[in-house]
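Let us walk through a protein model together. Keep the structure in view and follow the chain as you read.

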Amino acid sequence: MHCFIIAGSPETSKSFIKSIINSDFVICADRGYAFAKAAGITPKLIVGDFDSCREELPDNCEIVTLPVEKDDTDTARAVDLALERGFDEITILGAVGGRLDHSLANLCLLSYISSKGGRGELLSEKERIVYLTKGEYSFDSLKGLTFSLFPFGCPEVEVEYFGAKYSDGIYCLTGEKPQGVSNIFSENHSVIRIYRGAAVLIINMSDAFL
């Protein structure tokens, strides 16, 4: 099952949220509710300590109130609640931009979701970010888009690209050099194969933001 989580990055695009969310289950993490409300979206669940959300909370959805002093973020708790309710595909909106530490924390959530057997992505009008472990991954209809891949949570990752501009055997990418930056999907069907390690893949969704 799939759900959306709306987090609270100040760079969140209300128009993008409105265009991307369908009838799936929607969870708002704290200030994420302000973006949902502005986009005309009614969530099923709102979770947070509400230190950044100034909106009056609605009566027609479930509210989970968290303590201000805690060991994780409002978005992390939203992810836990989604997993507990059986959602194994989680798209997080409003997750990057603003505070760098919050953006990095949300990247870590992709690894966490994977460790629980789910699949997560951070999605904005600018970027799609996914976490890849050992295996083969297919990407369709992305020809011409720029992407970058970096080891995440490990010293290095062994990767091979098919249908990419820079595709010359197996690459060993390390955390010391950004060698995985700015490749390009060269075919309508492309494959990324991870042989060892784990990585974050960042797909630039439009050249307008390069």
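**From one pair of residues to the whole fold**

Start with I5, which stands opposite I27 in β2. This is a predicted model, in which local features need pLDDT of at least 70, side-chain atom pairs count only at pLDDT 80 or more, and totals for chains, interfaces and linings use all residues. Residues are numbered from 1 along each chain as its sequence is written, and side-chain values use heavy atoms, with hydrogens and water left out.

Now look at the strands around this pair. β1 and β2 pair in the parallel sense over 4 bridges. Two strands pair if DSSP finds at least two bridges between them. Strands (E, at least two residues) and helices (H or I, at least four) are DSSP runs, numbered from the N terminus.

Buried means under 20% relative accessible area, exposed means over 50%, and partly exposed lies in between (1.4 Å probe, protein chains only). Among the buried residues of α3 are D74, T75, V79 and L81. Their cover includes β1, β2, β3, β4, β5 and α4. Just after the helix, G86 takes a positive phi of about 95°.

Next, the interior. In soluble globular proteins, nonpolar side chains tend to be buried together. A nonpolar core here is a set of buried Ala, Val, Leu, Ile, Met, Phe, Trp, Tyr and Cys residues joined through side-chain atoms within 4.5 Å. The largest one has 28 residues, and I27, I90 and I92 have the most contacts inside it. The elements giving two or more residues to this core are β1, β2, β3, α3, β5, α4 and β7. Its largest share, 5 residues, comes from α3. Leaving aside neighbours within four places in sequence, I92 is in contact with residues including I5, T75, V79 and L109. Contact means heavy atoms within 4.5 Å. A second, separate core of 18 residues includes L132, L142, A164 and A199.

For a contrast, find P178. It lies in the loop between β11 and β12. P178 is exposed, with a relative accessible area of 55%.

Finally, take in the whole chain. It has 4 helices and 14 strands. The radius of gyration is 18 Å, close to the 17 Å that the globule rule gives for 210 residues, so the chain is as compact as a globular protein of that length. That radius is taken over C-alpha atoms, and the rule is 2.2 Å times the number of residues to the power 0.38. Of the 210 residues, 45% count as buried.
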